[in-house]
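Dear colleague,

Please find below the structure for your review. My notes on it follow directly after.

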Amino acid sequence: MTAPTSRGSTTGLPAANLPGERRLSAPEFHQLGAVPAEAEWFANLDNPRTRRAYQIDLQDFMGFAGIQRPEEFRLVTRAHVLAWRKVLEERALSGATIRRKLAALSSLFEYLCEKNAVDFNPVKGAKRPKVDSNEGKTPALGDHQARALLDAPDPATLKGLRDRALLAVLLYHGLRREELCLLKVRDIHSRRGVPHLRVHGKGGRTRYLPLHPGTAERIHLYLEMAGHGITPDAPLFRPLRGPTGAAITADGVYKCVLAYAAQAKIDVQGFGVHSLRATAATNALEHEADIAKVQEWLGHANIATTRIYDRRKSRPEDSPTFKVAY
């Protein structure tokens, strides 16, 4: 197949150049056509953390199977996948990790099938470890711990005001830390007369969350002192030092949250930034929020993910222990 040389050449109409238009040269056209399907698949993964994790998982499989060239994916069979799964189990990896690795491989093969680069997906039907209902549950904070964390930053400093607003966004709205980093000043806006937060979620999905009054007040005080509230395109949360106009990084959020947790003497095994999302979801469900609404609020594609945060059946205060009386 040869590259088209002019617009309209297939219809017999004369080519029309648009102002400032740049056409691909024939070598560039063929070079793009030669991009392997697996490279396109990687490029289509929007989330950098997902892309990094899947890349590691794929390199793991390729190392195990001895794959060195893209065309060798055509030789992979179900037997290769099952043998790799057995090795992963022997390495004592968690069920969640093994499921993710198999999901990464399956996702790649589904894409290769769509591109007619392979004939079938050898991962399809391969049994994956069962989901342990207690596995991977991010710890949630108790109400007193959440309040202590919210009050930990010093309201007399710019850093303290920023961090008080940042913690409120996480604890009252259940955002992922990447979503928090993407927020801009213009993402605080009114819908039907109610202040909302526009959240840019996974897969390019946008959701609109009513702004909690406590969060709104904290953001107002922070922007008033920071001075960038009049710049709609400015990142909402910015580092105190570094390039002007830069947004706070995911690592910056992580360090910030852990520092205040230590200050508030919160000692919870497995605690991290995601614990604040788990806390928000758990608290909303315990206060009788509709689980379908919570799913939409968190931006979950599947309600099964939301159910992980529904711990109402395992509340200590509901245990028979506290029903025993002598």
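The model is a predicted one. I begin with the salt bridge between E179 and R207, whose closest N and O atoms are 2.9 Å apart. Because E179 belongs to helix α8 (residues 177-182) and R207 to strand β3 (residues 206-210), the pair ties together parts that are 28 residues apart in sequence. E179 is buried, at a relative accessible area of 3%, and R207 is buried as well, at 9%.

Shared partners also join D57, D60, R91, R100 and K101 into one network of salt bridges. Within this group, the side chains of R100 and D57 meet at 2.8 Å, N to O. R100 lies in helix α5 (residues 95-114) and D57 in helix α3 (residues 48-65), 43 residues apart. R100 is partly exposed, with a relative accessible area of 34%, whereas D57 is buried at 0%. The count of salt bridges comes to 15.

L240 sits in the loop between α9 (213-226) and α10 (250-263), and is partly exposed, with a relative accessible area of 42%.

Yours sincerely

Notes:
Residues are numbered from 1 along each chain as its sequence is written. This is a predicted model: local features need pLDDT of at least 70, side-chain atom pairs count only at pLDDT 80 or more; totals for chains, interfaces and linings use all residues. Side-chain values use heavy atoms; hydrogens and water are left out. Helices (H or I, at least four residues) and strands (E, at least two) are DSSP runs, numbered from the N terminus. Buried means under 20% relative accessible area, exposed over 50%, partly exposed in between (1.4 Å probe, protein chains only). A salt bridge is a side-chain nitrogen of Lys or Arg within 4 Å of a carboxyl oxygen of Asp or Glu.
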